[in-house]
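Welcome, and thanks for taking a look with me. Please bring up the sequence and the fold side by side, and we will walk through them one stop at a time.

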Amino acid sequence: MIKDLALEQVLGDHHALGTSITLQIFGTQNRDLLQKSFDLIDHYEDIFTVNRDESEVMDINHAAGEHPVQVSSAVYGLVKLAVEKSRENFGFNALIGPVVKLWHIGFKGAHVPKDEEIKDRMLLTDPFKVVLNDSDQSVFLKMKGMELDLGGIAKGWIADRIRDLWRAYGVEAGIINLGGNILLVGDSPKRISGQWSIGVQDPKQPRGDNITSVMVPECSAVTSGTYERYLVVNGKKYHHLIDPRTGYPVKTDLAGVTTFTKTSVEAEIECKRLFFAGKPLKGWHDNPDRIGAIFVYNDEHIEYDNFGD
């Protein structure tokens with residue numbers, strides 16, 4: 001059974017969500033499910049994106065300070081989760097867009113803004129100024145200029161929906177890779193143990209070069225790091241991960257943290273929680289959905305949280 005699953009597989013590539021996507025399904029040679037998966041990803045991008053002028057999330061943003069906007073169940077559910085997590089104030093904030101755009105790190109025109117500019121934009125990032133109405137699934141941003149951006153959470157949520165689709169079609173094993181956001185489905189067909197081998201990116205090497213690897217059960221792996229997008233001004237390096245509590249790049253000794261959790265949306269959220277904490281958190285594993293985390297520091301030393309190393 002293990003051999004058969006490993007031998008038969010379909011592999012497909014796609015570009016969406018601003019990244020390269022690879023889907024791999026074991027145990028079949030039928031490519032129909034790959035296309036259904038890509039179509040579903042494109043659908044979710046259409047309703048969640050803020051990189052085009054039209055989407056359900058952009059409808060919310062365009063109506064900021066004016067009126068509530070009724071949205072579909074998928075958008076409302078993800079907006080509600082994003083806003084609730086933003087209100088916990090651990091570092092993730094789905095309203096941080098106006099400040100991120102001010103810095104524009106990783107894009108043309110990136111610069112270090114003035115303190116006054118940052119303070120002005122910070123007024124537009126308060127998650128408590130979002131009104132969520134469960135009765136009609138509407139969202140209202142109270143101040144003009146406020147913006148919702150689900151980019152820090154949407155890939156994980158979409159990966160989980162692809163897994164739901166695969167399970168509905170009876171997929172026993174597969175790999176969903178949304179631009180480095182990994183979701184492993186079922187047991188690995190390549191090992192009797194069913195465990196998967198996951199590599200952790202070396203922050204000082206090109207993408208794909210790993211600094212370490214671990215064996216894990218079915219789970220999602222997501223990384224937050226300072227090494228992919230940054231700005232250097234007068235010898236000082238500013239990375240792209242803005243702390244919504246200060247409006248400046250978060251001060252940390254971490255190069256990156258990778259979290260391993262049972263769902264991909266949780267891996268997205270918890271990755272940011274641990275990155276902004278800068279170290280393992282006591283009691284983090286009390287939740288059985290959290291498998292472990294790996295912290296890679298700027299001096300390249302590694303800390304394994306809840307792994308046997």
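Which residues does N181 touch, not counting residues up to four places away in sequence? They are K155, G156, I176, S220, A221, V222, S264 and E268, where contact means heavy atoms within 4.5 Å.

Before going further, a word on what you are viewing. This is a predicted model, in which local features need pLDDT of at least 70 and side-chain atom pairs count only at pLDDT 80 or more, while totals for chains, interfaces and linings use all residues. Residues are numbered from 1 along each chain as its sequence is written, and side-chain values use heavy atoms, with hydrogens and water left out.

Back to N181, which lies in strand β7, residues 181-186. Helices and strands here are DSSP runs numbered from the N terminus (H or I and at least four residues for helices, E and at least two for strands). Is N181 buried or exposed? N181 is buried, as its relative accessible area is 4%; buried means under 20%, exposed over 50% and partly exposed in between, with a 1.4 Å probe and protein chains only. The side chain of N181 also makes a polar contact with the side chain of E268, at 3.0 Å. A polar contact is a pair of N or O atoms within 3.5 Å; within protein, one must be able to donate a hydrogen and the other to accept it, and residues adjacent in sequence count only if both atoms are side-chain atoms.

K155, one of the residues that N181 touches, is also in contact with T19. T19 belongs to strand β2 and is buried, with a relative accessible area of 13%. Along the chain, T19 and G179 are 160 residues apart, yet in space they are 5.3 Å apart, C-alpha to C-alpha.

Now turn to the helices. Helix α2 covers residues 32-48, 17 residues in total, and reaches 25 Å from its first C-alpha to its last, close to the 24 Å expected. The expected span is 1.5 Å times one less than the number of residues. Its buried residues are L33, L34, S37, F38, I41, Y44, E45, I47 and F48. What covers them includes strands β1 (9-16), β2 (19-26) and β6 (173-178), along with helices α3 (56-62), α4 (73-87) and α7 (154-168).

Follow that list to α4, which has 15 residues; its end C-alpha atoms are 21 Å apart, in agreement with the 21 Å it should span. In α4, the buried residues are V75, Y76, L78, V79, A82, V83, K85 and S86. Their cover includes α2, α3, α7 and α8 (264-277), as well as strands β4 (130-133) and β5 (138-141).

N89, in the loop between α4 and α5 (97-103), has a phi near 60°, a positive value in a residue other than glycine. Most residues other than glycine have a negative phi. N89 is partly exposed, with a relative accessible area of 47%. Q137 has a positive phi too, near 55°; Q137 sits in the loop between β4 and β5 and is partly exposed at 24%.

On a 1 Å grid over the protein atoms alone, a cavity is a set of points where a 1.4 Å probe fits but cannot get out, and a pocket is an open set with protein on both sides within 12 Å along at least five of seven lines; lining residues have an atom within 4 Å of a point. The structure holds one cavity of 30 Å³ or more, and the largest cavity contains about 50 Å³ of space. Its lining is V200, Q201, P203, T223, Y227, G256, V257, T258, I294 and V296. β13 (254-261) gives the most to this lining, with three residues.

The second largest pocket contains about 490 Å³ of space. Of its 19 lining residues, the closest to its centre are K237, Y238, H239, V250 and T252. β12 (236-239) and β13 each give two or more residues to the lining, and β12 gives the most, with four.

Definitions and conventions. Points joined across faces, edges and corners; volume = space filled by probe spheres on them.
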